[in-house]
Amino acid sequence: MNILEFLTIASAIVPDRTAIIFEGRRITFQQLQQQVNRLANALSQLGLQPGRRVAYMDVNTPALIQTYLACTQLDAIFVPLNYRARAQEISQMLQTCQPSLLFAGSRYQDLIASVTQDAPSIQHVIALEEAPTNDWLSFDDLLSSASDHELHFPASTDADTSLLLFTSGTTGAPKAVMLTHNSFSSYMLSSVEPADPEVEERNLLSLPMYHVAGIQSALAAIYGGRTLLLARQFEARQWMELVQREKAHRAGMVPTMLKQVLDHPNFPDYDLSSLRIISYGAAPMPLEVIRKAIEALPRIHFINAFGQTETASTITMLAPEDHVLEGVPDEIEKRLRRLTSVGKALDDVEIAILDENGVSIPQGREGEVAARGPRLMSGYWSDEQATRDAFQDNWLLTGDRGYLDEDGYLFLSGRSKDFIKRGGEMISPQEVEDVLQSHPNVQEAAVIGVPDPQWGERVRALVVACHGATPSADDLIRHCHDRLASFKRPESVVFVTEIPKNPMGKVLKRVLRDQYGFPFDDAASE
């Protein structure tokens, strides 16, 4: 099923229903279909061909959804870029995906202008607001000058790549995950009810759409005929105001967002009674946070959705009934234990726990979490070696370690790869280490994630200074700030005399976590 059909079906069933509410604007499904047609025709006139990439950098706006769906109509590949990335990271991404077109919001125009010379494949740059120079095209002009008739019909198959999403790799360089039309349609057809004239629902989206959870949420709303309440970015007060004003029925959040809402001093002042469902994921949920949420919002059904970019988001789910903390003491204790799991595999996904030889191991034993099913990524764009390394006998190796209990609930116990998950964002330690070690006064550096109740994990750097040098923590953090997205930079620096390694020279991250994984309030930064 082509992703464009999500909109085609909904606009045929509920054409006059509001599809998107954004800062006072209301767009119906029929209007959204017309705008997508206009943009597809305009991009076709610019010479966009099937299989070409279209990069996009901006916060959440209707234009992102319109651009993605227009790309699917032309069988092009959409590439939303992380708007929190720095110039060097964006340059790497553009060199990897080699886009023909690039869309940029006003706050990112200077950044994009500084890196486009590194991507000679770019034929046109489109300004989503006012164009800064005559060399840029205008998004509004493209829409106004094109026909709203559907002149193009997708020829791509379910197995063709629709989307590239960048994620950190073990080498530190961003890798582009190839997701097909089936990566999303498999999930939609098995887990989401299609548009229904008798059923109306409002879905609040504040997750960024360069993240797989954000794009999945947007597509689910379109296929389900739901009204999408679109927020540029998450801010706790604005989120509560939007729920109250527009009577949102469901929302997706990462644990950090939920904690910020619960901890906001004005939380009791807002009417959030319209909310029926909150799904959360993308990072570990501290037990004390979800317990507080269940107590503070007793009418809401909570869902823990676990997955990753490579799995097109959700592969296991902890259902609402698993969040009900009622019953006899033994039953409550069992439910509390299950709240620390990420639930059970969805119907279209298989989950297995593999040993170091890739052999499935019995329930209760810890190993590497592997997934298999029709909607996993097809690989990493232009990186055959990384693709081969990610799969074993058709199983995708998730990089997480865990075990399955006797009822099929998946419990995560750590990661075989040393990624850090901060507030739902994936961070490659080596990427941060490379930047730290580019500082002239740093001899060696290692980066670990420190458990944190608000962010899931936070970034700590262990640094060996060059002989005779005395860099400060602030110096090193500023050095990283200029070269990395803000969520990647170390939040504390601990200076050490040596970094432990095994005989082969590999840094012993487990030892570092044991020695220096103390809470942030106690961190030594000098």
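Residues are numbered from 1 along each chain as its sequence is written, and side-chain values use heavy atoms, with hydrogens and water left out. In this predicted model, local features need pLDDT of at least 70 and side-chain atom pairs count only at pLDDT 80 or more, while totals for chains, interfaces and linings use all residues.

Helices (H or I, at least four residues) and strands (E, at least two) are DSSP runs, numbered from the N terminus. Two packed helices are described by the angle between their axes and the distance between the axes. Axes are lines fitted to C-alpha atoms, for helices over the stretch in contact, and angles run from 0 to 180 degrees between N-to-C directions.

Helix 7 (residues 181-191) and helix 8 (residues 212-223) cross at roughly 50 degrees, and their axes come within 11 Å. Helix 7 is therefore oblique to helix 8; angles under 35 degrees count as roughly parallel, over 145 as roughly antiparallel, 65 to 115 as roughly perpendicular and the rest as oblique. In the contact (heavy atoms within 4.5 Å), Phe184, Tyr187, Met188 and Leu189 of helix 7 meet Val212, Ile215, Gln216, Leu219, Ala220 and Tyr223 of helix 8. These residues comprise nine nonpolar, one polar and no charged. Here Ala, Val, Leu, Ile, Met, Phe, Trp, Tyr, Cys and Pro count as nonpolar, Asp, Glu, Lys and Arg as charged, and the others, Gly among them, as polar.

Helix 10 (residues 255-263) packs on helix 11 (residues 287-296) at an angle of about 50 degrees, with the axes 10 Å apart. Helix 10 and helix 11 are therefore also oblique to each other. Leu258, Lys259, Leu262 and Asp263 in helix 10 meet Val289, Lys292, Ala293 and Ala296 in helix 11, a set of five nonpolar, no polar and three charged residues.

Nine strands form an open sheet with mixed pairing, in the order 2-1-11-10-12-13-14-15-16; strands pair if DSSP finds at least two bridges between them. Strand 2 (25-28) and strand 16 (344-345) stand at the edges with a single partner strand each, so one side of each has no neighbour in the sheet. Strand 13 (residues 277-281) runs parallel to strand 14 (residues 301-308) and is joined to strand 14 by five bridges. Ile278 stands opposite Phe302 in strand 14.

Rings of Phe, Tyr and Trp (its six-membered ring) pair if their centres lie within 6.5 Å; planes under 30 degrees apart count as stacked, over 60 as edge-to-face and the rest as tilted. Eight aromatic pairs are counted by this rule. The ring centres of Tyr68 and Phe78 are 5.2 Å apart and the planes lie at 20 degrees, so this pair is stacked. Tyr68 in helix 3 (residues 62-73) and Phe78 in strand 4 (residues 77-80) are 10 residues apart, and the pair links distant parts of the chain.
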